Amino acid sequence: MLQDSTYAVTIKYITGELFNTGHYKDVKLEIPDGDFIYYYANGYKESQGRFKDGYKVGTWKRWNFEGAQKPDRYYPDEDF
């Protein structure tokens with residue numbers, strides 16, 4: 001595997017609706033790295049943000065089940 005390779009994934013609920021999209025650094029899909037979007041089963045976004053080497057970093061946007069925006073969460077981008 002090349003150092004800069006990532007594995008793009010799309011995961012769906014058992015009912016077929018989109019659950020999340022994102023990238024992983026490893027073939028076992030254990031280390032999220034890059035942009036991720038999570039969805040509720042009703043299709044609305046649940047959260048959107050970035051992972052770096054398996055840790056949330058930066059600003060994560062969040063929404064409730066009805067699609068209304070919730071306060072953002074901020075995670076420091078430290079050297080891990």
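These legends describe close-up views of a predicted model.

The model is predicted, so local features need pLDDT of at least 70 and side-chain atom pairs count only at pLDDT 80 or more, while totals for chains, interfaces and linings use all residues. Residues are numbered from 1 along each chain as its sequence is written, and side-chain values use heavy atoms, with hydrogens and water left out.

View 1. The protein chain has 0 helices and 6 strands. Helices (H or I, at least four residues) and strands (E, at least two) are DSSP runs, numbered from the N terminus. Along the sequence the pattern reads β-β-β-β-β-β. The C-alpha trace spans about 40 × 30 × 15 Å along its principal axes. Of the 80 residues, 26% count as buried. Buried means under 20% relative accessible area, exposed over 50%, and partly exposed in between (1.4 Å probe, protein chains only). The chain exposes about 5700 Å², of which carbon and sulfur atoms supply 52%. Accessible areas come from the Shrake-Rupley method with a 1.4 Å probe; for residues, only the protein chains shown count as cover.

**View 2. The strands form an open antiparallel sheet.** The order of the 6 strands is S1-S2-S3-S4-S5-S6. Two strands pair if DSSP finds at least two bridges between them. Strand S1 (7–12) and strand S6 (69–75) are the edges, and each pairs on one side only. From one strand to the next, the twist averages 15°. Axes here are lines fitted to C-alpha atoms, for helices over the stretch in contact; angles run from 0 to 180 degrees between N-to-C directions.

**View 3. S1 and S2 meet in a hairpin.** These strands pair in the antiparallel sense over 6 bridges. Lys12 has Leu18 in S2 as its bridge partner. The hairpin has 5 residues between the strands, and Gly16 takes a positive phi near 105° there.

**View 4. S5 pairs with S6.** Strand S5 (residues 55–63) and S6 are antiparallel over 5 bridges. Trp63 stands opposite Gln69 in S6. Tyr55 also lies in S5. Tyr55 counts as partly exposed because its relative accessibility is 45%. Gly43 is 12 residues from Tyr55 in sequence, yet the two are 25 Å apart in space, C-alpha to C-alpha.

View 5. Not counting residues up to four places away in sequence, Tyr38 touches residues including Phe51, Trp60 and Asn20. Contact means heavy atoms within 4.5 Å.

**View 6. Asn20 is buried in S2.** Asn20 sits in strand S2 (residues 18–24). Asn20 is buried because its relative accessible area is 2%. Beyond its neighbours within four places in sequence, Asn20 contacts Val9, Thr10, Ile11, Phe36, Ile37, Tyr38 and Tyr39.

**View 7. Two loop residues have positive phi.** Most residues other than glycine have a negative phi. Leu29 has a positive phi near 60°. Leu29 lies in the loop between S2 and strand S3 (34–39) and is partly exposed, at 39% relative accessible area. Asp53, also not a glycine, has a positive phi of about 55°. Asp53 is in the loop between strand S4 (45–52) and S5 and is partly exposed, at 32%.
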